[in-house]
Amino acid sequence: MRLPITGVGAVASIGRDADEIFESLCAGRGGLGPMRGFDHDLYNGTRLFEIDDRPESGRDRTMRATGFLLEAVGQAAEAAGLGEDLSDYPVLVGTGLRELRSAELWWRDGVPFGAEQLHFGTALRERFGTADTHTFSNACSASLYTLALGADMLALGEADAVIVAGVDSITESMFGLADRVQPEPPPALRTLDVNRKGTILGDGAAAVVLRREDIPWSGGRLWGRLRGVGMTCDAKHPTAPDQEQVAEAIRQAHRHAGTRPSDIDLLMLHGTGTPLNDLVEASAYVEVFGEDAGVPVVTGIKPMTGHTSGSAGLLSLVVALQTMATGKVPPLIGLEEPIEQAAGLRLVRDEEAKHQVSLAQVHGFGFGGINAVAIVEAP
Amino acid sequence: MRIFITGVGVALPGADSTAALAAARQPGEPVEPAAVLGKKGLRYKDRATQLGLVAGQRVLTDAGLLSDGELTTDSTRVAVLVSSNLGNVDTVCRVARTIADEGTRGLSPMDTPNASSNIIASEIAIRFKLHGPNLMVCNGPTSGLDAVRWGAALLRSGRADQAVVVGVEPDNEIVRELVGGPVADGGAALVLERADVAEARGATVHAELGGHTRGARVADNFAQLAAGEPDALVGWFAPGTAAGSLPSELSGHDLTETWGELSGALGVVQCAAAIGGFGSRTGGPVFLAAGGDDDDGSAALVLRPAPTASEPVAV
């Protein structure tokens, strides 16, 4: 499978489009700041990776996630030359938290909100005239899981092109429940560091236009090709990850892609900065890659974007495509002393590295033990 | 690839089988998960998850995939798809209110898993040890039929041999206010299976999936699927908003008249009800619609009665 990716879009705390985000990442510029929508007095932690789009600090508004999604989809569609009328294209959206932040505001403050706004199809139809849209709520691996479904649709001949997107805005319930068990909130998100103290949430959205490989296309530019996506389920614990099925997702991705670990030039980590995720992820990676674990350069975006939940995997994939286009690999900032399990890995630290990337592996793992791994190749 | 429905589970108030579902005229007593599953492990699970587990247990049992509570098939080849729009809305809203009133000190960490909407799908996987693709579909009015479609897609793409498709919605104060009326407080489940796999293990076939589509207009969807179906459609299932666009000379069913708001459970309950109908009368394929012209899209699916014994299963 070699599905052309012909347009990308993204929005995050560190940039309003994919180029701005990549520029920030390469410069080591993170988006962590004082939280703008939630009351500081109610929480231990008061810093998040938010997109600064609220009318005034301290006052929240509804439908922010929907806005981020429309922005990212609009960017990708325009870049791919599809325009604003997307009635012929399926749009598949992966999300962890849907528009649940608006539901919170509705219940707590009585602001207007309807059940038809919980999923994203309503807004997508209004803006782009779509009729075949799907919202998948698959926690933090949502957008890569969704990418697999989009790829399968093309392989089955059900569409000539699909738009795959991921989006999340932080909910107070998710942030609050994490805050409840963190009397000392993590001062930074430090992927793979021995002193990592946990994850910090972020807002974000990403979108790609994916096409069938056997039909000629025009418009947009070839960013890369999707080779395969693996997806598994731990079926073990509602929140803690399991090495066995994480490793299996990596193996499955390579089976789908027809590639071997030694082919990979770049690994984009899920790297949430929680003690357990980073341990399990590094261990599973080393388990599968064995003596090839030192071949790819290894990085991740979350120390600078925060954990953008359902959008995180696709955002990482967009960044991987940009490393292919530029030869620049953003660093894992805040990584001072890597964990033992990451010894021997070619970690990109402190500042951007120069590296020619032909094949990249992208990780996304989520609550419920749902794991997705994608492999993309350079044009 | 032909796809069969080889298991059906029903978990609605007063209806625990397709026959009871087909005969029901009004909801009965609420589903009691502890009576079906035992009390163990249910304490911190939200209502939607408990309902999903009941439907899951019934459907796997009906499909002959459980023996003494253990799965009898390759667990890595079983996908789980759950459709629910309202599943964890109550937890999320309640937690936000508690934070406003008491700060995060007032929260119970036991709510943490339920803050993620995919809790139903992951708990079903955990209970029955299903390692295949695990998908939570929260796609509005069409969600149940969409979940059936994606279940079929996972089989067609070779990612699974069986797909457990569940649709459930809980009833509580918060979701009643959001949708403006009582919610079904239950749902249904299906096992979709590749025809060759079903035949090899001698599974009982309840129905076969026909065509599916998703478009802006119910009438267009009907015309498209009717044209592609070898046999004439003999009936339809559709909610009030879509029923007006369908031929009145065919036998029509609006399940929301009996069960109230079915939301993300609708499409799956429609499949179960149609199968209940196949059992009690001879007939041909039926058309199922979820979502109307005023919604963000309308999903449609044709369900065919099981092939008769004399008909060879061409795979």
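The model is predicted, so local features need pLDDT of at least 70, side-chain atom pairs count only at pLDDT 80 or more, and totals for chains, interfaces and linings use all residues. Residues are numbered from 1 along each chain as its sequence is written, chains are lettered from A and ligands numbered from 1 in the order in which they are written, and side-chain values use heavy atoms, with hydrogens and water left out.

Start with helix α3 of chain A, residues 100–109. Helices here are DSSP runs of H or I with at least four residues, strands are runs of E with at least two, and both are numbered from the N terminus. Eight of the ten residues of α3(A) are buried. Buried means under 20% relative accessible area, exposed means over 50%, and partly exposed lies in between (1.4 Å probe, protein chains only). The buried residues are A:Leu100, A:Arg101, A:Ser102, A:Ala103, A:Glu104, A:Leu105, A:Trp106 and A:Trp107. Their cover includes α6 (172–180) of chain A, and also α4 (89–102) and α7 (173–179) of chain B. After the helix comes A:Gly110, with a positive phi near 75°.

Now look at how α3(A) meets α4(B). Their axes come within 9 Å and cross at roughly 55°. That makes α3(A) oblique to α4(B). Axes are lines fitted to C-alpha atoms, for helices over the stretch in contact, and angles run from 0 to 180 degrees between N-to-C directions. Angles under 35 degrees count as roughly parallel, over 145 as roughly antiparallel, 65 to 115 as roughly perpendicular, and the rest as oblique. The crossing of α3(A) and α4(B) is right-handed. A crossing is right-handed if the near helix is turned clockwise from the far one by less than a right angle, and left-handed if anticlockwise. From α3(A), the contact uses A:Leu100, A:Ala103, A:Glu104, A:Trp106, A:Trp107 and A:Arg108. From α4(B), it uses B:Val89, B:Val92, B:Cys93, B:Arg94, B:Ala96, B:Arg97 and B:Ala100. Contact means heavy atoms within 4.5 Å. The residues of this contact divide into nine nonpolar, no polar and four charged. Ala, Val, Leu, Ile, Met, Phe, Trp, Tyr, Cys and Pro count as nonpolar, Asp, Glu, Lys and Arg as charged, and the others, Gly among them, as polar.

Within chain B, turn to α3 (residues 47–62) and α5 (residues 119–128). Their axes come within 9 Å and cross at roughly 45°. α3(B) and α5(B) are therefore oblique to each other. Their crossing is right-handed. Contributors from α3(B) include B:Gly52, B:Leu53 and B:Gly56, and those from α5(B) include B:Ile120, B:Ile124 and B:Phe128. This contact holds seven nonpolar, four polar and two charged residues.

Helices α1 (residues 18–27) and α10 (residues 312–326) of chain A pack at about 75°, with their axes 10 Å apart. α1(A) and α10(A) are therefore roughly perpendicular to each other. On the α1(A) side the contact is made by A:Ala18, A:Asp19, A:Ile21, A:Phe22 and A:Leu25. On the α10(A) side are A:Leu315, A:Val318, A:Val319, A:Gln322, A:Thr323 and A:Thr326. Seven of the contact residues are nonpolar, three polar and one charged.

A:Ala18 also touches A:Gln75, which sits in helix α2 of chain A. At 15% relative accessibility, A:Gln75 counts as buried. Leaving aside neighbours within four places in sequence, the contacts of A:Gln75 also include A:Val8, A:Arg16 and A:Asp17.

Next comes strand β4 of chain B, residues 78–83. Six of its six residues are buried, so β4(B) is largely enclosed by the rest of the structure. In a regular strand the side chains alternate between the two faces of the sheet. B:Val78, B:Val80 and B:Val82 are buried on one side, and B:Ala79, B:Leu81 and B:Ser83 on the other. β4(B) pairs in the parallel sense with β6 (residues 162–169) of chain B over six bridges. Strands pair if DSSP finds at least two bridges between them. B:Val78 stands opposite B:Gln162 in β6(B). β4(B) also pairs in the parallel sense with β5 (residues 134–137) of chain B, over four bridges. There, B:Val80 has B:Asn134 as its bridge partner.

Finally, two loop residues. A:Met63 has a positive phi of about 65° although it is not a glycine. A:Met63 lies between β3 (47–48) and α2 (64–79) of chain A, and is partly exposed, at 21% relative accessible area. B:Ser263, also not a glycine, has a positive phi near 40°. B:Ser263 lies in the loop between α11 (256–259) and α12 (266–280) of chain B, and is buried, at 12%.
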